[in-house]
Amino acid sequence: MNEVREMFSEELREAAAELWQASFDHGFIQELVAGTLEEGAFRYYLLQDCYYLTHFSDAHGLLAAKTTDESVRSSQLALKKGMDEGEIAIRERYFKWLGITQEEYQKTVVAPSAYQYVNHLYRQLTTGTVATSLAALLPCYWLYHEIGVRFREVTSPNRLYQDWINTYDSPAFAENTRRQIDLLNHLAEVASEEERLAMKESFLISSQYELAFWDMSYTGETWQFGR
């Protein structure tokens, strides 16, 4: 990857640094690493994350259909296939681990932050560009991988939580993250300055929603009008 392509992803990472540090320092992550996170909070996270990942996978397919760039199309289809076979399967394993039934999942009301995050992805896919859409997807890969790397040396005494951390430090997840970063930089090379600014905004909005997702899970966020 040449220096020009490398610079844009690093610019976005620097712009999101405060948001990402807040994620690393959030009580949900810190207590998960320490093994003290209440199981109910992790359970709520899984239920909401399963909803999010279903749409996150679909977003890759929509992005593949939106682009005329073969490198973007093929990579997003491959990621969608891997997501369908791997990520969601992992959540199903965690559901079994915690005794979460399909009926419980189906009855779970989607929390405001999960709902809004998914809407942000779809908004980019419908009204944004291929580049802003990919920028919206990237933080979910990149932030989670950094969490896995950052805490890989700290063994959580809770086996379930450590298993979750290990997922995002795996070679396969690292490769998928790198692939998305490379594509972002590839698209930034040919983007106008206006589109690069829109990519940055899209990336930062997703980073904000990642932080909101921890808070949502930690507090059991619900709708205020009694859904």
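**View 1. Helix H4 passing helix H8.** A crossing is called left-handed if the near helix is turned anticlockwise from the far one by less than a right angle. In this predicted model, that is how H4 passes H8: the crossing is left-handed. On the H4 side, the contact is made by Tyr45, Asp49, Tyr52, Phe56, Ala59, His60, Leu63 and Lys66. Facing them from H8 are Val130, Ser133, Leu134, Leu137, Cys140, Tyr141 and Tyr144. The two helices pack at an angle of about 145 degrees, and their axes are 11 Å apart.

**View 2. Helix H4 from end to end.** H4 runs over residues 39-66, which makes 28 residues.

**View 3. Phe42 in the largest nonpolar core.** This core takes in 72 residues. Those with the most contacts inside it are Phe28, Phe42, Tyr45, Tyr52, Phe56, Trp164 and Trp214. Zoom in on Phe42 and skip its neighbours within four places in sequence: what's left in contact with it is Phe28, Leu32, Leu37, Leu98, Leu160, Tyr161 and Trp164.

**View 4. Helices H8 and H10 side by side.** H8 covers residues 130-150 and H10 covers residues 171-190. Their axes come within 9 Å and cross at roughly 150 degrees. That makes H8 roughly antiparallel to H10, because angles over 145 degrees count that way. The H8 residues making the contact include Leu134, Leu138, Trp142 and His145, while those from H10 include Phe173, Gln180, Leu184 and Leu187. Here too the crossing is left-handed.

View 5. Look for Ile88 in helix H5, residues 70-98. Its relative accessibility is 15%, so Ile88 counts as buried, the cut-off being under 20%. Neighbours within four places in sequence aside, Ile88 is in contact with Leu53, Thr54 and Met83. Thr54 is 34 residues from Ile88 in sequence, yet their C-alpha atoms are 7.4 Å apart.

**View 6. Arg13, a buried arginine.** Arg13 is part of helix H1, residues 3-15. With a relative accessibility of 15%, Arg13 counts as buried. Which residues does Arg13 contact, leaving aside its neighbours within four places in sequence? They are Trp20, Phe24, Trp142, Glu146 and Phe203.

Note on methods: Residues numbered from 1 in each chain as written. Predicted model: local features only at pLDDT ≥ 70, side-chain atom pairs only at ≥ 80, totals over all residues. Heavy atoms only, no water. Helix = DSSP H or I, 4+ residues; strand = E, 2+ residues; numbered from the N terminus. Expected span 1.5 Å × (residues − 1). Core = buried A, V, L, I, M, F, W, Y, C linked by side-chain atoms within 4.5 Å. Buried < 20%, exposed > 50% of the residue type's maximum accessible area, 1.4 Å probe, protein only. Contact = heavy atoms within 4.5 Å. Axes fitted to C-alpha atoms, helices over the stretch in contact; angles between N-to-C directions. Parallel < 35°, antiparallel > 145°, perpendicular 65-115°, else oblique.
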